[in-house]
Amino acid sequence: MNISGWKRGMMAKSMGVEDYFNHVMGCVERELEEAGHDLILISSWPGKNERDVAITLILNGRVLNLGISQSEVERRKEESPFSLDWLIWSELIRLGVEVQDSGYMKALFTKNSKKDGKSEGENK
């Protein structure tokens, strides 16, 4: 997947939170498909009286559930262009999902990452 930090930064500034979240989830889905995973991805933006974003992945027959608060999605969108991606991928890796060596993954997990495993912009 071709990824541009500048373009992503412009998207983060110009898109609404829900649209930005959906874009990031599309990137996650494409990356997993390009890596050859058999995938079904379901995500739902919180309704009026809900606070959490629900993400369910059926990945190679394994069900993975992630939850992120709407406020965390909003904070990450404002923090840095790939902060939300980093959060999602960090959790997927923690759950045992193998990732490919791609430009997208390099944008998230650069050699300049902090010793605690957070990418630049994650310490805010």
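The buried residues of α1, which spans residues 5-14, are R8, G9 and A12. Seen down the axis of α1, these buried residues fall within an arc of 100°, so they line one face of the helix; the arc is that of the directions from the helix axis to the C-beta atoms.

This is a predicted model, in which local features need pLDDT of at least 70 and side-chain atom pairs count only at pLDDT 80 or more, while totals for chains, interfaces and linings use all residues. Residues are numbered from 1 along each chain as its sequence is written, and side-chain values use heavy atoms, with hydrogens and water left out.

The protein averages a pLDDT (the predictor's confidence in each residue, from 0 to 100) of 84, and 85% of the residues score at least 70. Over residues 112-124 the pLDDT is below 50, and this stretch has 19 contacts in the model beyond near neighbours in sequence, a contact meaning heavy atoms within 4.5 Å.

The protein has five helices and three strands, arranged along the sequence as α-α-β-β-β-α-α-α; helices (H or I, at least four residues) and strands (E, at least two) are DSSP runs numbered from the N terminus. Of its 124 residues, 35% count as buried.

The buried residues of α1 pack against α2 (17-34), α3, α4 and α5 (103-108). Two packed helices are described by the angle between their axes and the distance between the axes. Here axes are lines fitted to C-alpha atoms, for helices over the stretch in contact, and angles run from 0 to 180 degrees between N-to-C directions.

| Helix pair | Axes come within | Crossing angle |
|---|---|---|
| α1 and α2 | 9 Å | roughly 145° |
| α3 and α4 | 7 Å | roughly 125° |

For α3 (residues 70-79) and α4 (residues 83-94), the crossing at roughly 125° makes α3 oblique to α4, given that angles under 35 degrees count as roughly parallel, over 145 as roughly antiparallel, 65 to 115 as roughly perpendicular and the rest as oblique. In this pair, E72, V73, R76 and E79 of α3 meet S83, L84, W86 and L87 of α4.

Terms used. Buried means under 20% relative accessible area, exposed over 50%, partly exposed in between (1.4 Å probe, protein chains only).
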